[in-house]
Amino acid sequence: MEDETLIAAAQEMIRKRYQWERHHVGAALRTRSGEIFAAVHLEASLSRVTVCAEAMVIGKAISEGYTDFDTIVAVRHPDPDSEDREIKVVSPCGMCRELIADYALNCKVILQMEDGLSKADITDLLPLRYTR
C-alpha cells in the first residue's frame with residue numbers, strides 16, 4: 001500500500017506537470033518518517049544539462065530538511081504519439097543510481113520487472129560503485 005501511494009504521487013506529479021520536450025519523467029521519494037516528496041525532471045536543449053527527476057526530488061527533500069530516505073520511484077509519461085498511454089515505472093539511469101547511493105545508501109528503488117513491480121536495494125543496482 002505504501003508503495004502504491006508513492007507510485008501514485010510520482011504519476012500525479014508528471015500528470016499535472018507533463019509538457020512535451022520539457023517534463024516527461026516524475027519521481028517520488030518517501031522518507032523513513034513517512035513524508036512523500038515528488039518532482040519532475042528538467043529537460044534541456046543541451047541534453048547533458050538535463051536534470052533527472054530523481055535528482056530533483058532528492059534535492060527537494062534535502063532542501064526541506066529531510067535526509068533519511070526509505071524508497072524512491074520514477075515514472076515516465078508516454079510520448080504524444082505513443083499508443084500506450086499508461087504512465088509507467090522506469091528504472092533510474094546510472095547517474096541517478098550514483099546519486100541515490102551517495103545520498104541514500106539504504107534506499108529501496110521500485111522497479112518494473114517482467115513479472116510486475118519489485119523493490120531493490122540501491123546497492124544491488126550499483127555493484128562495485130565508485131567511492132572516494
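**View 1. Burial across the protein.** In this predicted model, buried residues make up 39% of the 132 residues; buried means under 20% relative accessible area, exposed over 50%, and partly exposed in between, with a 1.4 Å probe and protein chains only. Residues are numbered from 1 along each chain as its sequence is written. Local features need pLDDT of at least 70 and side-chain atom pairs count only at pLDDT 80 or more, while totals for chains, interfaces and linings use all residues; side-chain values use heavy atoms, with hydrogens and water left out.

**View 2. Helices and strands.** The protein has four helices and six strands, where helices (H or I, at least four residues) and strands (E, at least two) are DSSP runs numbered from the N terminus. Along the sequence, their pattern is α-β-β-α-β-β-α-β-β-α.

**View 3. Overall dimensions.** Taken along the principal axes, the C-alpha atoms fill a box of roughly 40 × 35 × 30 Å.

View 4. A disulfide is a covalent bond between the sulfur atoms of two cysteines. The whole structure contains zero disulfides, the term being applied to a pair of cysteine sulfur atoms within 2.5 Å. The closest cysteine sulfur to that of Cys52 belongs to Cys96 and lies 3.6 Å away, too far for a bond. Cys96 is likewise in no disulfide. Cys52 counts as partly exposed because its relative accessibility is 23%, whereas Cys96, at 3% relative accessibility, counts as buried.
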